[in-house]
Amino acid sequence: MITLENELMEYVRSGIARERWFVSKSRTIKDISIERDLSFSIGDSTYHILIVKTGFDDFSDFYALFLKKRKDVSGFENALGDKKFVNKLADVFLSERTGSPGIPGIFAELVIPPSIASGHDMDVVVNREEQSNSTVFLGKKLAMKFYRRLTPANSPDYELPKKLSSGTAFTDTPQCFGSLLYEFNGKLYLLCSIFQYIENEGSCWTWLTENLAKLLMSSELKDNSMNEEIKAIAVVTAELHNALSKVTDSSEYVDERDIENWGSEFRANLRALYSNRISNNLPPLPIMREISTANLEKVKRSPFRKIRIHGDYHLGQIIKAGKKYFVIDFEGEPMRSLEYRRKPSSVLKDVSGMLRSLHYAISYACMVSGIDPDSSCPEKWYIMAQNLFLGTYLTHMKGDFHIIPDDKEVFQALLDFFILDKAVYEALYEVNNRPEWTGIPLHAIKEILKNSSQKG
Ligand SMILES: Nc1ncnc2c1ncn2[C@@H]1O[C@H](COP(=O)(O)OP(=O)(O)OP(=O)(O)O)[C@@H](O)[C@H]1O
Ligand SMILES: [Mg+2]
């Protein structure tokens, strides 16, 4: 007999591994089960919010699925593009203050209540870009980020925007209105977080790479091309860090243990990279170790504070709306533990992330326009972009004592360490995921070593 449960299981079993947000595509699912089914009806339509457990040899993962039962035919479809479904969830959130009936098992948390009344039948647009969660835009008013992998309520992706919106004057991030939550195994998890919708031209990555490629192809790239935009991104970054320093609960300094951890993580990535097939194209391993150890030794000389940081900061995490820029996606590096992602760290991690991203942008633009990245024009542009970003950032960080190392040599050593660390991480990522991009971080690693030997 075909029961609803069997039918749901069949749908989940056959479809889940193909979904963009399913992160373990290369592994075989050993067992799969529906752990929770929050189902409800609107008119004659039935919806299911499922928590599905996927078991592998040595671990299990949990994912949320949002489904609508097909009418007249068997099977289900994704409910996130369904106007009634998304408006119902928005209403549960918006009517929190008026106390109208919600959906059993789902709670709303209001941070900054938006000035939108419930009961509107807003247009629904599902974000079509590649992403690991699913963002849905409502009536050009709300951006609802539906989490796919089980995400605790204290995830930095919600915790930080919540604190920035309610506890600081920082306006360069979409306002965080609140969230919908559910309880599972005695803990609270995010169904979705809800933000102000920002009409935008795409991310700074898309904007910058398109413009750089156009200028390269028409031989019009100047040293100062797009310097206004780079300055603006640097100001936003400094303001973000100033605001994050205010919402950091502790006031701790970087200590020897932090420095040791940075060193051992770097060496682990280095080992993985050098055991790879591209090791012949890399500089000698002892030199890489020596340079990073020498930089970390210098870092011990002068104390500076740790604060909450963005944690996965690059041009793709800033959306451009004319002359305004909005920082999004505070999840941190997705493969890191929640505990790691919630820990304060050095702001120079974010700064090095953005510098590497600017270098990626010009290198990628060279790749698509068939231009040698070693030619003087792209090189000069990157040097301008790097100096302009850093100079502007530091000017706007003034007044914030001890977040940036006071000693110039310590500052440079820490930045150099994080940049090399990031480039090694990128090389490892590219060789395993996008081999045709591996040249970008490898080129950067060689440049960093050349510059270090000139300095040293
Ligand atoms: N408030 C907003 N207003 C308008 N568009 C937004 C808003 N927030 C996010 N977006 C769009 O949704 C996309 C995905 O958002 P986000 O980066 O938060 O999702 P994600 O699932 O964490 O993505 P990733 O897999 O890249 O980490 C963004 O690139 C942006 O285009
Ligand atoms: Mg993300």
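D329 is partly exposed, at 21% relative accessibility, whereas E331 is buried, at 16%. Buried means under 20% relative accessible area, exposed over 50%, and partly exposed in between (1.4 Å probe, protein chains only).

This is a predicted model, in which local features need pLDDT of at least 70 and side-chain atom pairs count only at pLDDT 80 or more, while totals for chains, interfaces and linings use all residues. Residues are numbered from 1 along each chain as its sequence is written, chains are lettered from A and ligands numbered from 1 in the order in which they are written, and side-chain values use heavy atoms, with hydrogens and water left out.

The protein contains 12 helices and 12 strands; helices (H or I, at least four residues) and strands (E, at least two) are DSSP runs, numbered from the N terminus. Its radius of gyration is 24 Å, close to the 23 Å of the globule rule for 456 residues, so the protein is as compact as a globular protein of that length. The radius is taken over C-alpha atoms, and the rule is 2.2 Å times the number of residues to the power 0.38. Along the principal axes, the C-alpha atoms fill a box of roughly 75 × 50 × 45 Å. Of the 456 residues, 50% count as buried. Among contacts (heavy atoms within 4.5 Å) with a separation of 6 or more, 69% join residues 24 or more positions apart.

Helix α3 (residues 156–167) has P156, D157, Y158, E159, L160, P161, L164 and S165 buried. These buried residues pack against strands β5 (106–110), β8 (142–146), β9 (176–184) and β10 (187–196), and against helices α5 (227–247) and α8 (338–341).

Y325 lies in strand β12 (residues 324–327) and is buried, at 5% relative accessibility. Beyond its neighbours within four places in sequence, Y325 is in contact with D172, C204, E229, A232, I233, V236, I318, I319 and K320. With K320 there is also a side-chain to side-chain polar contact at 3.3 Å. A polar contact is a pair of N or O atoms within 3.5 Å; within protein, one must be able to donate a hydrogen and the other to accept it, and residues adjacent in sequence count only if both atoms are side-chain atoms. Y325 and N200 are 125 residues apart in sequence, yet their C-alpha atoms are 9.1 Å apart.

T392, in helix α10 (residues 376–397), is buried, with a relative accessible area of 10%. Its side chain reaches the backbone oxygen of L388 at 2.6 Å. T392 also touches K231, A234 and V235, not counting residues up to four places away in sequence.

The structure holds 0 disulfides, a disulfide being a pair of cysteine sulfur atoms within 2.5 Å. The sulfur of C204 is too far for a bond, because the closest cysteine sulfur, in C366, is 19 Å away; C204 is buried, at 3% relative accessibility. For C377 the closest cysteine sulfur is also in C366, at 8.1 Å, too far for a bond, and C377 is partly exposed, at 30%.
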